Amino acid sequence: HKLSTQNNSVKEKITAKKGLWVNNEWQLYDVSIHYLDSRGKIIKKPDIYEKTTLPYLTEKPADFIDASTDNIFLSSKELEKQVKKLKANDLNATSASAELHLKRAFPWQCFVIMLFTIPFLSKTGNIRRGMIKNIITCLLIVGAYHVTTAIASALGHSGVIFPFLSAWLSHIIFSIGGILFFENANY
């Protein structure tokens with residue numbers, strides 16, 4: 001556990017060999033509490049306890065389970081709760097927020113890919129000669145779409161672009177491309 005001050009610098013670091021949640025508080029065994037300055041350097045000898053409770057340690061076991069769960073396995077509602085909790089505690093919610101927007105954008109992938117590939121499929125007049133070409137084109141489009149999504153997702157998770165934009169960027173690019181290519185389609 002790391003207790004932070006108002007300016008988000010770590011004030012103390014607590015380590016324990018064992019912790020039990022009993023009567024709505026943590027009982028810690030073989031505990032060391034290290035006190036740190038604003039730069040994170042130890043400022044005095046640690047306090048050592050065989051057994052202690054820390055009333056200001058309010059996280060419940062479920063909070064640790066939620067924090068350790070990989071975002072990819074959470075539902076949208078669970079992920080939304082986690083983002084709100086991170087923001088309420090002034091923690092960085094960029095990655096979780098990017099993952100939430102990706103989950104919301106995911107159902108639209110098939111529609112966007114169809115919107116982009118239909119103009120290519122409708123260009124050919126001879127089905128037999130154009131079939132292989134169309135299949136390869138579709139595979140290349142799907143591959144390019146997923147590469148674009150992966151790059152945008154990485155940029156969103158790292159905070160380079162807004163999480164919302166990272167989730168919808170490939171949808172936007174390929175939708176605009178599909179609409180522009182419709183003009184060239186052979187109806």
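Colleague: Where is Asn23 found?

Modeller: Asn23 sits in the loop between β2 (10-22) and β3 (25-35). Asn24 has its place in that β2 to β3 loop too. Keep in mind that this is a predicted model.

Colleague: How do I read phi here? What is the value for Asn23?

Modeller: The general idea comes first. Most residues other than glycine have a negative phi. Now the case. Phi of Asn23 is near 50°, a positive value in a residue other than glycine. Asn24 also has a positive phi, near 60°.

Colleague: Is Asn23 buried or exposed?

Modeller: Use the cut-off. A residue counts as exposed over 50% relative accessible area. Asn23 has 73% relative accessibility, so Asn23 counts as exposed. Asn24 is exposed because its relative accessible area is 63%.

Colleague: Move on into strand β3. Which residues does Asp30 touch, beyond those up to four places away in sequence?

Modeller: Asp30 belongs to strand β3. Leaving out residues up to four places away, Asp30 touches Thr15, Ala16, Lys17, Tyr49 and Glu50. Compare sequence with space for another pair. Asp30 and Lys18 are twelve residues apart in sequence, and their C-alpha atoms are 7.1 Å apart. At 42% relative accessibility, Asp30 is partly exposed.

Colleague: Step back to the whole fold. How many helices and strands are there?

Modeller: The protein has six helices and four strands. Read them in order along the sequence: the pattern is β-β-β-β-α-α-α-α-α-α.

Colleague: What share of the residues is buried?

Modeller: Of the 187 residues, 31% are buried.

Colleague: Now salt bridges. How many does the structure hold?

Modeller: Two. To read one, find the closest nitrogen and oxygen atoms of the two side chains. Lys84 and Glu80 form a salt bridge, with the closest N and O atoms 4.0 Å apart. Both residues lie in helix α2 (residues 76-88). They are four residues apart, about one turn of the helix.

Colleague: Which residue meets Glu80 in a salt bridge at 3.2 Å?

Modeller: Arg104 does, with 3.2 Å from N to O. This pair links distant parts of the chain: Glu80 is in helix α2 and Arg104 is in helix α3, 24 residues apart. Glu80, Lys84 and Arg104 are linked in a network of salt bridges.

Colleague: How do accessibilities run across that network?

Modeller: Take each residue in turn. Lys84 is exposed, because its relative accessible area is 55%. Glu80 has 29% relative accessibility, so Glu80 counts as partly exposed. Arg104 is partly exposed, with a relative accessible area of 36%.

Colleague: Which residues make the nonpolar surface patch?

Modeller: Met131, Ile132, Ile135, Ile136, Leu139 and Leu140 make a nonpolar patch of about 620 Å². Take Leu139 as the example. Leu139 is in helix α5 (residues 127-157). With a relative accessible area of 61%, Leu139 is exposed.

Colleague: Finish with a contrast. Why does Thr117 count as buried?

Modeller: Buried means under 20% relative accessible area. Thr117 has 7%, so Thr117 is buried. Thr117 lies in helix α4 (residues 109-123). Leaving aside neighbours within four places in sequence, Thr117 is in contact with Cys138 and Ile141.

Key. Residues are numbered from 1 along each chain as its sequence is written. This is a predicted model: local features need pLDDT of at least 70, side-chain atom pairs count only at pLDDT 80 or more; totals for chains, interfaces and linings use all residues. Side-chain values use heavy atoms; hydrogens and water are left out. Helices (H or I, at least four residues) and strands (E, at least two) are DSSP runs, numbered from the N terminus. Buried means under 20% relative accessible area, exposed over 50%, partly exposed in between (1.4 Å probe, protein chains only). Contact means heavy atoms within 4.5 Å. Patches are made of residues with over 30% relative accessible area and no salt bridge: like charges are joined within 9 Å, nonpolar side chains (Val, Leu, Ile, Met, Phe, Trp, Tyr) within 5 Å. Accessible areas come from the Shrake-Rupley method with a 1.4 Å probe; for residues, only the protein chains shown count as cover.
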